[in-house]
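Welcome to this short tour of a protein model. Keep the sequence and the 3D view side by side as you read, and look up each residue as it comes along.

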Amino acid sequence: MHNRRAILGTGLIGAAGLALPGCATTAARTATARPCLPRVNVAANRVIRTVAGLRPYRPGGFRVEREALGDKALVHNYGHGGAGITLSWGTSRLAVDLGLPGHQGPVAVIGAGIVGLTTARLVQEAGYPVTIYAAALPPQTTSNIAGGQWQAYAHYDREAVTPAWRAQNAAALEYSFRRFQIMVGDDTGVHWVPTYVEGDARPDPYRPDNRALGPGEHPFPVDRLARYTTMYVETGRFLRELAEDIRIAGGRIAVRRFASPAEVMTLPERLVFNCTGLGAGELFGDTSLYPIRGQLAILIPQPEINYAYNGSDGYMFPRPDGILLGGTYERHVADATPQAEDIARIIASHQRLFGGFRC
């Protein structure tokens with residue numbers, strides 16, 4: 001004799017011809033219904049904080065380059081645009097490979113954002129003592145404000161980069177992709193998350209499961225949609241863990257602001273890594289560097305939201321510290337203050353998006 005669970009689980013009801021007409025109708029409706037996802041609860045009274053971050057953008061892409069500074073070797077590692085989290089381990093790998101060969105003694109890193117911290121950690125892994133000098137420490141850095149999606153986005157002008165830079169970019173992406181993979185976990189705040197993006201499913205080696213979805217395969221009110229899986233970084237948690245790893249390994253962090261290269265030359269270390277982000281423009285005279293402001297509204301966390309979205313209505317990244325809603329990209333804006341009218345537009349656009357779910 002079959003019990004009810006066994007019959008339901010194996011489909012024996014249908015096979016035995018015992019299904020009632022009403023059951024057949026229900027089954028047909030279920031088969032044609034769109035798969036649904038839990039809706040993000042978007043409302044102004046669910047906003048727990050608003051932030052504005054300044055991306056350090058260079059049309060020619062990030063700068064990883066070595067030069068002499070008096071009797072010191074200076075290695076630049078800055079200008080990542082909207083890809084600072086994504087490229088951090090990769091460009092830091094390029095930088096230490098430029099700076100460390102032939103060096104002896106302690107090393108200085110200027111800047112305590114994601115790029116400065118990853119550079120310092122790689123210096124330590126190579127066996128060198130390191131001191132980080134920074135005007136701002138986590139959680140007061142631009143990196144703490146970043147959304148944290150692993151995706152190289154808006155970090156160069158196609159017409160302004162050289163073949164040599166493109167080779168650097170490819171190497172940085174490959175190393176960073178692998179490095180973040182081995183750091184996935186609750187302690188670091190790095191997780192793989194399914195991501196829905198408005199548009200076509202273009203080939204990408206860093207999105208191996210990328211595929212286009214038909215209208216009946218998703219609930220979003222858009223015409224073209226693709227789905228892939230990528231990593232997301234809870235930046236506050238990740239930066240805390242990384243800074244603690246540096247301290248445990250004997251690294252020092254000193255609060256200090258530099259007004260000129262001459263002040264950098266007074267450091268006792270003979271090898272210096274410049275990871276100052278936007279600060280490199282004034283400190284080292286890089287006139288090609290400028291800010292791009294991005295604003296975020298962060299909602300009360302919703303643990304059931306286990307997917308991300310990016311499209312014309314903005315983007316939504318789920319993190320344990322809040323649901324991040326974004327959507328501004330403001331060139332040459334240096335004011336890191338959230339604007340009430342922009343935040344209101346971000347909230348309204350996401351209300352339309354998730355209110356329009358076709359389930």
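A residue is called buried here when its relative accessible area is under 20%, and exposed when that value is over 50%. Please bear in mind that this is a predicted model.

**The whole protein**

- The protein contains ten helices and 15 strands.
- Its C-alpha trace spans about 90 × 50 × 40 Å along the principal axes.
- Of the 359 residues in the protein, 48% are buried.
- Among contacts with a separation of 6 or more, 77% link residues 24 or more positions apart.
- On the charge side, you will find 36 positive and 31 negative side chains, with the centres of the two sets 5 Å apart.

**Helix α10**

- Helix α10 covers residues 340–355, and its 16 residues should span 22 Å at 1.5 Å a residue; the end C-alpha atoms are 22 Å apart, so the two values agree.
- Which residues of α10 are buried? They are D342, I343, I346, I347, S349, H350, L353 and F354.
- These residues cover an arc of only 165 degrees around the axis, and therefore sit on the same side of α10.
- The buried residues of α10 pack against strands β1 (47–57), β11 (290–299), β12 (308–311), β13 (314–319), β14 (322–326) and β15 (330–331).

**Helix α6**

- Helix α6 takes in residues 163–181, and its 19 residues reach 28 Å from the first C-alpha to the last, close to the 27 Å expected at 1.5 Å a residue.
- The buried residues in α6 are W165, N169, A172, L173, S176, F177, R179 and F180.
- Viewed down the axis of α6, they fall within an arc of 165 degrees, so they line one face of the helix.
- The exposed residues P163, A164 and R178 are on the face of α6 turned away from its buried side.
- The cover over the buried residues of α6 includes the helices α4 (84–99), α5 (114–125) and α7 (235–248), along with the strands β6 (190–198) and β8 (225–233).

**Helix α5 and its residue R121**

- How many of the twelve residues of α5 are buried? Eleven are, which leaves α5 mostly covered.
- The buried set in α5 is I114, V115, G116, L117, T118, T119, A120, R121, L122, V123 and Q124.
- The end C-alpha atoms of α5 are 16 Å apart, which agrees with the 16 Å that its twelve residues should span at 1.5 Å a residue.
- R121 lies in helix α5, and R121 counts as buried because its relative accessible area is 19%, where the cut-off is under 20%.
- Not counting residues up to four places away in sequence, R121 touches W89, L242, D245, I246 and A249.
- R121 and W89 are 32 residues apart in sequence, and their C-alpha atoms are 9.5 Å apart in space.
- After α5 comes G127, which has a positive phi near 100 degrees.

**Backbone details in the loops**

- The peptide bond from P138 to P139 is cis, with omega near 10 degrees; P139 belongs to the loop between β5 (130–134) and α6.
- A154 is found in the loop between β5 and α6. Although A154 is not a glycine, its phi is positive, at about 50 degrees.
- Because its relative accessible area is 23%, A154 is partly exposed.
- H332 sits in the loop between β15 and α10. H332 is not a glycine, yet its phi is positive, at about 60 degrees.
- H332 counts as exposed, because its relative accessibility is 57%.

Methods: Residues are numbered from 1 along each chain as its sequence is written. This is a predicted model: local features need pLDDT of at least 70, side-chain atom pairs count only at pLDDT 80 or more; totals for chains, interfaces and linings use all residues. Side-chain values use heavy atoms; hydrogens and water are left out. Helices (H or I, at least four residues) and strands (E, at least two) are DSSP runs, numbered from the N terminus. Buried means under 20% relative accessible area, exposed over 50%, partly exposed in between (1.4 Å probe, protein chains only). Contact means heavy atoms within 4.5 Å. Lys and Arg count as positive and Asp and Glu as negative; His and the chain ends are not counted. The place of a charge is taken as NZ of Lys, CZ of Arg, CG of Asp or CD of Glu. The expected span of a helix is 1.5 Å times one less than its number of residues. The arc is that of the directions from the helix axis to the C-beta atoms.
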